[in-house]
Amino acid sequence: AIHLHVNGEAKTCSPRTLLPDYLQTIGLNPRLVAVEYNGEILHRQFWDSTYLQEGDRLEVVTIVGGGR
């Protein structure tokens with residue numbers, strides 16, 4: 001298993017896991033979140049080619065709509 005940190009918590013995932021697949025595994029809709037990947041905002045165009053690696057740090061923020 002790969003060890004990583006998600007929103008400050010220690011987590012694990014299988015090797016060769018793509019970022020969008022992992023987000024779905026933890027119950028998040030990839031279309032409704034923003035991801036900081038190892039300290040940098042990761043643009044959505046790169047998600048489908050981003051495999052999680054040992055020691056990665058993710059900050060996942062849910063996008064909330066509304067307001068005027």
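1. Start with charge. The chain carries 6 positive and 8 negative charges, and their mean positions lie 9 Å apart. Lys and Arg count as positive, Asp and Glu as negative, while His and the chain ends are not counted. Each charge is placed at NZ of Lys, CZ of Arg, CG of Asp or CD of Glu.

2. A word on the source. This is a predicted model, where local features need pLDDT of at least 70, side-chain atom pairs count only at pLDDT 80 or more, and totals for chains, interfaces and linings use all residues. Residues are numbered from 1 along each chain as its sequence is written, and side-chain values use heavy atoms, with hydrogens and water left out.

3. Next, the overall plan. Along the sequence the pattern reads β-β-α-β-β-β. The radius of gyration is 12 Å, close to the 11 Å from the globule rule for 68 residues, so the chain is as compact as a globular protein of that length. That radius is taken over C-alpha atoms, and the rule is 2.2 Å times the number of residues to the power 0.38. The C-alpha trace spans about 45 × 25 × 20 Å along its principal axes.

4. Now the sheet. Five strands form an open sheet in the order S2-S1-S5-S3-S4, with mixed pairing. Strands S2 (9-13) and S4 (40-41) stand at the edges with a single partner strand each, so one side of each is left without a neighbour in the sheet. Two strands pair if DSSP finds at least two bridges between them.

5. Look at S1 and its partners. S1 and S2 pair in the antiparallel sense over five bridges, and Val 6 stands opposite Glu 9 in S2. Their hairpin has two residues between the strands, and Asn 7 takes a positive phi near 50 degrees there. S1 and S5 run parallel, joined by two bridges. Here His 5 stands opposite Arg 57 in S5.

6. S1 (residues 2-6) also has two faces. Ile 2, Leu 4 and Val 6 make up the covered face, and His 3 and His 5 the uncovered one.

7. Strand S3 (residues 33-37) pairs with S5 (residues 57-62) in the antiparallel sense, over five bridges. Ala 34 has Val 61 as its bridge partner in S5.

8. Last, burial. Of the 68 residues, 31% are buried (under 20% relative accessible area, with a 1.4 Å probe and protein chains only).

Notes
Helices (H or I, at least four residues) and strands (E, at least two) are DSSP runs, numbered from the N terminus. Buried means under 20% relative accessible area, exposed over 50%, partly exposed in between (1.4 Å probe, protein chains only).
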